[in-house]
Amino acid sequence: MEDFIGSMIRDRFANTEYRIYPDSLHKVKGKKVFLFEENGTDYLMATSPELGFKGQMMDAGHEVWVKAPLDHENAVILRSLFPFTVPSRVLSKNITIGLGDRLGLATPGHIRVFNKYEGVFPIFAQQSIRELMLTNRTFDDVLDCVTYAVFKYDFRRPWGADGDHLKTAEEVEYALSRGYTMLTLDCSEHINGKVDSMSDEEVNAACTLDDEIRDLYLNKTFDIGEGITIHFDEITLKRAVMIYGGAIDHAVNIYHKYVDDGNRKVADFELSIDETATPTVPAHHFFVANELFRRKVKCSTIAPRFCGEFQKGIDYIGDIDQFCEEMKVHSQIARYFDYKISIHSGSDKFSIFTPSGEINRGRFHIKTAGTNWLEAMLLVAKKDPALYRSVHKYALSVFEEAKKYYHVTTDLTKIPDVDDLKDEELPSLFENNDSRQLIHITYGLILNAKNSDGTLAYRDRLYSLWKKYEDDYSELLYKHIGHHLELLLKKC
Ligand SMILES: [Zn+2]
């Protein structure tokens with residue numbers, strides 16, 4: 001490395017605290033580009049202005065170097081020079097994992113995991129519109145953080161970028177315009193949830209089947225292989241039409257307008273019907289998939305709502321045998337139409353990982369997000385107990401507000417008082433489901449909390465702690481996400 005950097009730059013850095021990231025040393029067009037840290041901030045260095053990076057010109061003897069901030073403009077240039085820093089479509093790979101990183105700090109730890117599991121492909125950039133809004137971030141920012149991390153640690157395998165839970169045409173356009181390679185269309189606003197509480201008589205009276213649907217489905221049984229059949233009696237069919245008809249139309253319109261106009265497919269497409277009050281029954285899953293197939297929508301993944309509870313940041317709640325029985329049917333429907341099952345809210349669902357991997361025969365997508373944030377807060381509890389206590393109390397004070405955005409059954413009375421815990425006991429809060437959820441769903445409010453004078457109460461202090469202990473954070477994620485993968489792959 002000394003050779004690469006040369007004594008010139010070493011002398012230039014003589015009066016500052018700096019470290020160069022050895023894996024970031026790259027050559028392009030005969031010039032060198034690398035990342036380094038100076039006084040707690042990362043920068044990019046290019047050994048010639050000709051590469052186009054915008055920053056401070058530095059006299060390096062016989063050449064001029066550019067010290068560039070890690071901003072969006074420079075990320076765009078980096079992507080144009082180094083193709084491995086650009087996301088690609090990876091959803092057709094057998095096992096893919098979405099890794100929502102709300103802080104823009106988790107990718108280094110994730111890279112370590114994926115260096116170990118070479119058969120698994122990451123969607124490093126994955127953020128929903130709701131998460132962007134709650135964290136004041138943009139799709140550019142989310143992607144740029146990944147681009148720099150991938151460059152910094154020289155991750156050479158394909159990885160993707162998912163515009164998660166997009167609901168409208170505008171949101172789809174936004175994700176595509178920022179180079180996202182996967183679109184997750186959330187059709188929940190077009191799903192008619194009221195039908196679940198209607199009686200059969202009411203459904204019969206409210207729905208008239210059109211001839212085409214009647215001919216295709218009514219009293220028909222579909223053999224989808226492996227001894228599994230799907231049957232449509234009149235009421236099952238009418239419920240399917242009433243609940244999912246609008247969602248199917250929405251998906252068809254979006255798909256043909258933005259994803260594949262018949263000539264070229266521009267992104268991997270996932271349909272999410274998971275954010276509903278009741279589970280997706282297998283016949284309805286089949287109906288949605290078959291209608292999309294008929295109308296020439298090629299999904300890479302579909303996310304049904306499974307039985308039981310997939311609450312944020314804690315293990316699965318429900319009957320595991322029933323989950324497995326239903327997953328077998330969902331999984332067979334997916335194989336029949338040639339797409340993968342996508343499991344949302346997949347963080348920390350340890351008790352169903354191994355059967356899910358096995359039932360899906362090593363071909364599935366799973367999304368995690370909040371657990372990466374929880375590991376970051378665990379780090380705060382370990383390294384700065386006073387700061388953690390203050391954030392924790394703030395989270396308690398805003399919990400009701402945060403609950404508007406998430407479905408959880410948190411019981412705040414089961415969380416011990418942080419003032420009664422010794423410093424070294426604080427990390428144990430992250431083994432308590434109720435306090436995990438407390439911290440999980442309040443992330444946006446914590447990051448944007450303001451003091452009475454309008455300045456941010458926690459954000460900068462938290463970020464400087466995470467920067468200071470970035471290797472510890474990486475280690476926590478390596479273990480925690482690694483544990484997810486170990487269980488998921490156990491019987492694949
Ligand atoms: Zn979801």
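## Overall build

Of the 492 residues in the protein chain, 44% are buried, a residue being buried if 20 or more other C-beta atoms lie within 10 Å of its own, exposed if 12 or fewer, and partly exposed in between, with C-beta atoms placed from the backbone. This is a predicted model, in which local features need pLDDT of at least 70 and side-chain atom pairs count only at pLDDT 80 or more, while totals for chains, interfaces and linings use all residues. Residues are numbered from 1 along each chain as its sequence is written.

A compact globule with 492 residues would have a radius of gyration near 23 Å, and the 25 Å of the protein chain agrees with this; the radius is taken over C-alpha atoms, and the globule rule is 2.2 Å times the number of residues to the power 0.38. Along the principal axes, the C-alpha atoms fill a box of roughly 80 × 60 × 45 Å. Among contacts with a separation of 6 or more, 69% link residues 24 or more positions apart, where two residues are in contact if their C-beta atoms, placed from the backbone, lie within 7 Å. The protein chain has 18 helices and 17 strands, which are DSSP runs numbered from the N terminus (helices H or I, at least four residues; strands E, at least two).

## Domains

The protein chain is divided into domain 1 (2–70), domain 2 (84–371 + 482–489) and domain 3 (378–472), with bounds that come from an automatic or database domain assignment. The centres of domain 2 and domain 3, taken over C-alpha atoms, are separated by 30 Å. Between these two domains, 13 residues of domain 2 are in contact with 16 residues of domain 3. On the side of domain 2 that touches domain 3, helix α4 (residues 129–135) supplies the largest share, three residues.

Strand β3 (residues 31–38) pairs with strand β4 (residues 41–46) in the antiparallel sense over six bridges, and two strands pair if DSSP finds at least two bridges between them. Leu35 has Leu44 in β4 as its bridge partner. The hairpin of β3 and β4 has two residues between the strands, and Asn39 takes a positive phi near 45 degrees there. Strand β4 is also joined by four bridges to strand β6 (residues 63–69), again running antiparallel, with Lys67 in β6 as the bridge partner of Met45.

## The parallel sheet

Nine strands form an open sheet with parallel pairing, in the order β8-β7-β17-β16-β15-β14-β11-β10-β9. Its edges are β8 (120–123) and β9 (125–128), each of which has a single partner strand, so one side of each is left without a neighbour in the sheet. Direction ignored, neighbouring strands of this sheet are turned by 20 degrees against each other on average, with axes being lines fitted to C-alpha atoms, for helices over the stretch in contact, and angles running from 0 to 180 degrees between N-to-C directions.

Within the sheet, strand β14 (residues 268–272) and strand β15 (residues 301–303) run parallel and are joined by three bridges; Thr301 in β15 is the bridge partner of Glu270. Helix α6 (residues 169–177) lies across β10 (161–166) and β11 (182–186), running at about 170 degrees to β10.

## Helix α10

In helix α10 (residues 282–294), 10 of the 13 residues are buried, so the helix is largely enclosed by the rest of the structure. The buried residues include His284, His285, Phe286 and Phe287, and their cover includes β12 (221–223), β13 (229–231), α9 (234–259), β15 and α11 (320–337). Just after α10, Lys296 takes a positive phi of about 60 degrees.
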